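Hi everyone, thanks for coming. I have one structure to walk through today, so let's bring it up on the screen.

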Amino acid sequence: MEAQAQINALREKLNLWSHQYYDLDAPTVPDFEYDKTLRELEELEEQFPELVTPDSPTQRVGGQPLETFQQVRHEVPLQSLQDVFAPQELTAFAQRVCQSVSKPRWVFEPKVDGLSVALEYEDGVFVRGATRGNGEVGEDVTENLKTVRSIPLKLNNAPRRLIVRGECYMARTVFEKLNRRREEEGRPLMANPRNAAAGSLRQLDPKVAASRRLDCVIFNIQLSDGPAFDTDSAALDYLSDLGFPVIDHPVYDDLNDVSQAIAALGESRERYPFDIDGAVVKLDSLPDRELLGATAKFPRWAVAWKYPPEQKESVIEDIVVQVGRTGVLTPKAVIRPVRLAGTTVTNATLHNQDFITEKDIRIGDTVVVQKAGEIIPQVVSVNLSRRQSGSEPYLLPNHCPVCGAAVVRDEDGSALRCTGAECPAQLVRTITHFASREAMDIEGLGPSIIEQLVEKKLVNRPADLYTMDWEQAAALEGLGEKSAGNLRSAVEQSKSRGLTRLLTAFGIRQVGVSAARSLSRTFPTLDALMEASEEELTAVEDIGGITAKSLKDWFAAPQSRHLVEELRNAGVSFDSTETPAGTLLAGKTVVLTGTLSRPRSEVKKLLEEQGAKVSGSVSKKTGFVVAGEAAGSKLTKANELGIPVLSEEDLISLLNGEREMP
Ligand code: AMP
């Protein structure tokens, strides 16, 4: 690959990762990989300096602050640290320092894997705390930091002004407790303590932040008009006397001792209450630091040694397949228990079939696992020398392990998905879709009620909606007699929605509102549609071979047939209510604006099928405007001219003959 293309590819990757990390608090790769990739880019840019641009990820320290908190410009920037990955790199750093400083002494500190904060005191009172942000500008999270018990709110004998820098973290024990609770509550788990800490500090409600029990450890004086010190270690001891929780900071004269300390810390990382992702080596003498100064990003007097993620070997005892709420089959390796990065792990992520095939992972294999930032470890590689004879490549089942229905691969990815119309694993989602506005439009039947109906086993299959015990439903949280009554009549009304909505509600692959409409314009009833051959289906306007096959497969599956029969018994209408093509909106000009829930082209088609003309601008001749989210000037103009404005849902109702023409 030529250098420019390679640089672009690396930048794109890094930008995505840092957005996920800093802005979304949801990293997708271990830090180690990020750092290595950044290094790769730095090296390339060094080779080709003419290709460096100001917006390259090498040119900035971190992510952009979010806008929900007030921004704070740091009086003294919170710099980043140059990473080193190998002993030669550490030696090279020390040699560079020795060119300007004779007999340097080194402060050695664990690199706490949390998030950096600046704490500001006036006359000994904690007045402001901010996150690092991009190093220059951070977010004001004072109220949340006040909830951190290890941060002193008042200092005795403090200088008039003092800004210290430290690392906020969530102790591993607190993190594990938090995740255990989230698991019990069925909420998604936090990836790692650092993300949990970052998420907690950015809670807009300090009460939530308080409940997260964060901690903080201090490692620097940023600014002070108190006593001056010659060394960092003396300054840190002073902070300790003032009442700050200060980081461990032994001092060494000899670089060999530093190397030993790095190795020892690497071994004993687990003994600390917080995650450690490296070790920081800093020059102790403050005047010498001044002398060496900093580059645009890093001080020249310190480096961070990065530990690679810990890896261990284990054996895959079994592969289990779980079915998620969206029907995706996820394989998980059950491994012989190993201690890894502070916890005992018993399973590892296998992602999907492609991942398994690429690494050729088999049951019985000895594999290398690592945990780097995420809660469940990854399988890094297979140790082929220990493969048992007679083992077979692993293939995910082609039937859903929960309901037995056929499994198909997504058109656009590596996910395998269960197609069961009544699959219990997907029930909440299936019903949510069934009841949605564009499908059976059951008002008041939202996700939280559905969750409860499913959990309390009042509904075990979609068609149970029509036969459930309404007295029991009235006892659900947030429902009550009256709402239960309303809901019951909404469910009752949905029986007569007609074929288009029913087909949409089935959630058959490839069959959305538009295809459902085409089909029910051709077939007067569901039974007629079910009897149609693939040829008859492809003869319908806009129905291609793939959709026809998807329909045939769906109707052939036992679960689908069962669902259809149950709906028939419940009295749900199977009849088409479509008017003949091309009449409903004949002669009308319609304008679309804003973001709609489906592609504009699809909505345009729906309108044109009924004879409407879709125009790009609003005038007196416009029949009506369909406005989605964040609609702009066209909506304003429509309002000025008094042109009727419909939401997307209004439009669907109009097309279904459930609404008067505006
Ligand atoms: P990096 O994020 O890899 O650029 O590393 C720099 C970050 O390490 C700083 O922003 C701090 O948040 C963090 N850090 C953790 N412990 C220390 C420490 N003892 N000294 C300096 N920085 C530390």
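I'll start with the ligand and its surroundings, then move on to the nonpolar cores. Keep in mind that this is a predicted model.

Okay, the ligand. There are 16 residues around the ligand, and the nearest are S80, E109, R132, R165 and E167. What kinds of residues make up that shell, in terms of nonpolar, polar and charged? We get eight charged ones, six nonpolar and two polar.

The side chain of S80 puts an N or O atom 2.3 Å from an oxygen atom of the ligand. For E109, a polar side-chain atom sits 2.8 Å from a ligand nitrogen. And R165 has a polar side-chain atom 2.7 Å from an oxygen of the ligand. As for burial, the ligand on its own would expose 490 Å², and the protein buries 89% of that.

Which strands supply at least two residues each to the shell? Those are β3, at 106-112, β7, at 161-169, and β10, at 276-283. Of these, β3 gives the most, with four residues.

On to the cores. The largest nonpolar core has 62 residues, and L145, L239 and F244 make the most contacts inside it. Helix α9, residues 255-268, is the top contributor to this core, with five residues.

Let's zoom in on F244. Ignoring neighbours within four places in sequence, F244 touches Y121, P152, L155, L162, V164, I218 and L239. Apart from that core there is another one, of 57 residues, including L427, V454, I508 and L537.

That's my tour, so over to you.

How values were computed
Residues are numbered from 1 along each chain as its sequence is written. This is a predicted model: local features need pLDDT of at least 70, side-chain atom pairs count only at pLDDT 80 or more; totals for chains, interfaces and linings use all residues. Side-chain values use heavy atoms; hydrogens and water are left out. A residue is near a molecule or strand if one of its heavy atoms lies within 4 Å of it. A polar contact is a pair of N or O atoms within 3.5 Å; within protein, one must be able to donate a hydrogen and the other to accept it, and residues adjacent in sequence count only if both atoms are side-chain atoms. Accessible areas come from the Shrake-Rupley method with a 1.4 Å probe; for residues, only the protein chains shown count as cover. Ala, Val, Leu, Ile, Met, Phe, Trp, Tyr, Cys and Pro count as nonpolar, Asp, Glu, Lys and Arg as charged, and the others, Gly among them, as polar. A nonpolar core is a set of buried Ala, Val, Leu, Ile, Met, Phe, Trp, Tyr and Cys residues joined through side-chain atoms within 4.5 Å. Buried means under 20% relative accessible area, exposed over 50%, partly exposed in between (1.4 Å probe, protein chains only). Contact means heavy atoms within 4.5 Å.
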